[in-house]
Amino acid sequence: MEQKITKALEKIKKSENIPESDKPAIIQKIEEWREEKAALSDLSNTLQAWWIKVEPIFADVGLV
């Protein structure tokens, strides 16, 4: 997970689609999440729980 966060931060910094004025706030928020190991775990668990609920809908319409 740490490697993915690092990679995401690098892409955000290099992105031409994100205004330079927005990048510091985005990067700061990601760094805060990175420091909160429990937050990353909670986020992962929440996303997994969400996916379990919606995956059948996506499968039903042929997106999975």
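The legends below describe close-up views of a predicted model.

**View 1. Helices H1 and H2 and the crossing of their axes.** Two packed helices are described by the angle between their axes and the distance between the axes. Here helix H1 spans residues 2–14 and helix H2 spans residues 23–35, and their axes come within 10 Å and cross at roughly 175 degrees. Because angles over 145 degrees count as roughly antiparallel, H1 and H2 are roughly antiparallel to each other.

**View 2. The residues through which H1 and H2 touch.** On the side of H1, the contact is made by Glu 2, Ile 5, Thr 6, Leu 9, Ile 12, Lys 13 and Lys 14, while H2 contributes Lys 23, Ile 26, Ile 27, Ile 30, Glu 31 and Arg 34. Sorted by class, this contact of H1 with H2 has 6 nonpolar, 1 polar and 6 charged residues.

**View 3. The aromatic cluster of Trp 50, Trp 51 and Phe 58.** These three residues form one aromatic cluster, and the count of aromatic pairs comes to 2. A pair of aromatic rings is described by the distance of the centres and the angle of the planes. The rings of Trp 50 and Trp 51 have centres 6.1 Å apart and planes at 50 degrees, so this pair is tilted. Trp 51 and Phe 58 also form a tilted pair, with 5.6 Å from centre to centre and 35 degrees between the planes.

View 4. Trp 51, with a relative accessible area of 35%, is partly exposed, and Phe 58 counts as partly exposed at 30% relative accessibility.

Notes:
Residues are numbered from 1 along each chain as its sequence is written. This is a predicted model: local features need pLDDT of at least 70, side-chain atom pairs count only at pLDDT 80 or more; totals for chains, interfaces and linings use all residues. Side-chain values use heavy atoms; hydrogens and water are left out. Axes are lines fitted to C-alpha atoms, for helices over the stretch in contact, and angles run from 0 to 180 degrees between N-to-C directions. Helices (H or I, at least four residues) and strands (E, at least two) are DSSP runs, numbered from the N terminus. Angles under 35 degrees count as roughly parallel, over 145 as roughly antiparallel, 65 to 115 as roughly perpendicular and the rest as oblique. Contact means heavy atoms within 4.5 Å. Ala, Val, Leu, Ile, Met, Phe, Trp, Tyr, Cys and Pro count as nonpolar, Asp, Glu, Lys and Arg as charged, and the others, Gly among them, as polar. Rings of Phe, Tyr and Trp (its six-membered ring) pair if their centres lie within 6.5 Å; planes under 30 degrees apart count as stacked, over 60 as edge-to-face and the rest as tilted. Buried means under 20% relative accessible area, exposed over 50%, partly exposed in between (1.4 Å probe, protein chains only).
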